[in-house]
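Please look at the sequence and the structure together before reading on.

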Amino acid sequence: MTETAIFAGGCFWCMVKPFDQQPGIKSVISGYTGGTVANPTYEQVASHTTGHTEAVKITFDPDVISYADLVEIYWRQTDPTDASGQFQDRGDSYRPVIFVNSEAQRRTATASRDALAASCKFAEPIVTTIEDAKPFYPAEAEHQDFYRRNPFRYQIEEMGGREAFIKQHWQ
């Protein structure tokens, strides 16, 4: 039996690897969700006119890795205090969102967000939203498994602030 989780945390290229390398993960798909246009293209989403957010859809075995574990991994890839994008990627299509597809996921994500806020790890408020899952549209083939297929370009993207932020705040 598998379940799915959907997370938006900036550029979807940078959100695949941290999940893809965990035991119990069956697949991590880059795509678009949360908007009003069916089957949007990368160019449409990048125009910031569709309402979509770049996200990853993770299929996982809950007997091996829990949804709560995935949420914890998610936090450590993002700046939860930045609602206007993530790192060098700015705009609504890069906003941080946990898209939940059940009441159990909502409870887990909310409790985790509340615990992070209570930890005082960040001086600014936690602004990552928790929203109901909406239709998820896989991105074009060139955006899938980007870190494997384009390791040099992936490294450049990571150096756009994400890598330094993670080292400063999460390690």
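Predicted model: local features only at pLDDT ≥ 70, side-chain atom pairs only at ≥ 80, totals over all residues.

Residues are numbered from 1 along each chain as its sequence is written, and side-chain values use heavy atoms, with hydrogens and water left out. Helices (H or I, at least four residues) and strands (E, at least two) are DSSP runs, numbered from the N terminus.

Helix 1 is mostly covered, since seven of its eight residues are buried, where buried means under 20% relative accessible area, exposed means over 50%, and partly exposed lies in between (1.4 Å probe, protein chains only). The buried residues of helix 1 are Trp-13, Cys-14, Met-15, Val-16, Pro-18, Phe-19 and Asp-20.

| Helix pair | Axes come within | Crossing angle |
|---|---|---|
| Helix 1 (residues 13-20) and helix 3 (residues 67-75) | 10 Å | roughly 135° |
| Helix 3 and helix 4 (residues 103-118) | 10 Å | roughly 40° |

Helix 3 and helix 4 are therefore oblique to each other, given that angles under 35 degrees count as roughly parallel, over 145 as roughly antiparallel, 65 to 115 as roughly perpendicular and the rest as oblique. The contact is made by Tyr-67, Ala-68, Val-71, Glu-72 and Trp-75 of helix 3, together with Gln-105, Thr-108, Ala-109, Ser-112, Arg-113 and Leu-116 of helix 4. Here the residues divide into six nonpolar, three polar and two charged.

**The two sides of helix 7**

In helix 7 (residues 162-169), Arg-162, Phe-165 and Ile-166 are buried. Seen down the axis of helix 7, these buried residues fall within an arc of 100°, so they line one face of the helix; the arc is that of the directions from the helix axis to the C-beta atoms. An α-helix has 3.6 residues a turn, so residues three or four places apart point the same way. The buried residues of helix 7 pack against helix 1, strand 4 (85-86) and helix 6 (151-158), whereas the face turned away from the buried side carries the exposed residues Ala-164, Lys-167 and Gln-168.

**Three single residues**

Glu-158 has its place in helix 6, and at 11% relative accessibility Glu-158 counts as buried. Leaving aside its neighbours within four places in sequence, Glu-158 is in contact with Cys-14 and Glu-163.

Phe-87 lies in the loop between strand 4 and strand 5 (89-90), and its phi is near 60°, a positive value in a residue other than glycine. At 15% relative accessibility, Phe-87 counts as buried. Asp-145, in the loop between strand 8 (136-138) and helix 5 (146-149), has a positive phi of about 50° although it is not a glycine. Asp-145 is partly exposed, with a relative accessible area of 28%.

Conventions:
Axes fitted to C-alpha atoms, helices over the stretch in contact; angles between N-to-C directions. Contact = heavy atoms within 4.5 Å. Nonpolar A, V, L, I, M, F, W, Y, C, P; charged D, E, K, R; others polar.
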